[in-house]
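User: Hello! I am new to protein structures and would like to learn how to read one. Could you guide me through some features?

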Amino acid sequence: MDGFQIIKELEEEKRIDQSRLDVLLQTGNREVVEYLYQRARAVREKWYGRDVYARGLIEFTNHCRNNCFYCGIRRDNTVVERYRLSGQQILECCERGYALGYRTFVLQGGEDVFYTREKLADIISSIHTRYPDCAITLSFGEWKREDYQCWFDAGARRYLLRHETASREHYSQLHPQEMSLRHRMECLQQLKEIGYQVGAGFMVGSPGQTREYLLKDLLFLREFSPHMVGIGPFLSQKDTPFAQEKNGTLEVTLRLLAILRLLLPKTLLPATTALGTVAPDGRELGLQAGANVVMPNLSPVAVRSKYTLYDNKICTGEEAAECRKCLEQRVELAGYRIVTHRGDSLVEIE
């Protein structure tokens, strides 16, 4: 099959199937790959122009009840220095971020039962009351539907929950037995039903991942049609069972970003911190492959190095203002511009 023709069909939403996506994943033809990136840029500019949306990331706890095999803040990691931010500290992060122009705050943490439904709702409500023009995003894992509803009622409007993989077999290779893909997918569906803008996604090159699994991920995302898709290369962490596993690559991640932009033209695609960790210009290349979101860190510098999802994470020592200035320059070098508004997804809420 001709790669150029497949890209055209993908962009025109014609004949999208596993065999055609597989050709794009496998091709070694650099002209086809460059054409893929070119069309991905054209599609993101059709819907979002040259704007890049900056989300202020607040990593508010590195405690987690789960024991995922790849994650540095997994329950059984006794080496990591644990921390929790108070409601006041979170509000101070928002205050700094607002002054720097951020209009979306992302509260990300391990599944920490210390933050009860009511406690987190109070924090969300405080942010929403103080900054009503801002979007509040949660990235806090799997909870009950009534928890999600409570946080939505308090003012949260977006929720990031990577599906990790659309394959049950692969899911069991990444997670302990007490976790299930079925429950993860139920949570994603519930979040959509409540009315959140929902983000899904996966790690590229995670242990056990095959090309067949990646194709299943792409077809799942096409069907689920999330408002955001977060992908980044798998990066090992020294205190996990996957410490010696090979990292995911920049090349495959960029190619998948471009394919996703054509599959889901209106979705929001971040150029992740993991991309910037795997290559010095990784985030810029991500933007040039169709991404349109960056997530600089607003967490207090004192705790950043403790949020060790993977090793060698960038920007752990920078103040929020330094981070903003550096990122702004990088985005401009890539040919885009950071804008200071909420940047809602154009994907319709179902």
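Analyst: Happy to! Arg30, Glu34, Glu251 and Arg255 are linked in a network of salt bridges, where a salt bridge is a side-chain nitrogen of Lys or Arg within 4 Å of a carboxyl oxygen of Asp or Glu. Keep in mind that this is a predicted model, in which local features need pLDDT of at least 70 and side-chain atom pairs count only at pLDDT 80 or more, while totals for chains, interfaces and linings use all residues. Residues are numbered from 1 along each chain as its sequence is written, and side-chain values use heavy atoms, leaving out hydrogens and water.

User: How many salt bridges does the structure hold?

Analyst: There are 27 salt bridges. One of them joins glutamate 251 to arginine 30, with the closest N and O atoms 3.6 Å apart. Glutamate 251 sits in helix α10 (residues 250–263) and arginine 30 in helix α3 (residues 30–48), so this pair ties together parts that are 221 residues apart in sequence. Helices (H or I, at least four residues) and strands (E, at least two) are DSSP runs, numbered from the N terminus.

User: Now strands, please. Which residues of β3 are buried on each side?

Analyst: Here is the general idea: in a regular strand the side chains alternate between the two faces of the sheet. In strand β3 (residues 104–109), 6 of its 6 residues are buried. Thr104, Val106 and Gln108 lie on one side, and Phe105, Leu107 and Gly109 on the other.

User: Which residue of β3 is the bridge partner of isoleucine 58?

Analyst: Two strands pair if DSSP finds at least two bridges between them. Strand β2 (residues 56–61) pairs with β3 in the parallel sense over 5 bridges, and the partner of isoleucine 58 is leucine 107. Another 5 bridges join β3 to strand β4 (residues 135–139), again running parallel; there, threonine 104 has alanine 135 as its bridge partner.

User: What do β2, helix α4 and β3 make?

Analyst: They form a right-handed β-α-β unit, with α4 covering residues 87–99. A crossover is right-handed if, with the strands pointing away from the viewer, the path from the first strand over the helix to the second runs clockwise. β3, α5 and β4 make a right-handed unit too.

User: Where is glutamine 209 placed?

Analyst: Look in the loop between β6 (197–204) and α9 (211–224). Glutamine 209 is buried, with a relative accessible area of 17%. Contact means heavy atoms within 4.5 Å; leaving aside neighbours within four places in sequence, glutamine 209 is in contact with residues including His170, Phe202 and Asp217.

User: What is the strand order in the open sheet of 3 strands?

Analyst: The order is β8-β1-β9, with parallel pairing. The edge strands β8 (293–294) and β9 (337–339) each pair on one side only.

Notes:
Buried < 20%, exposed > 50% of the residue type's maximum accessible area, 1.4 Å probe, protein only.
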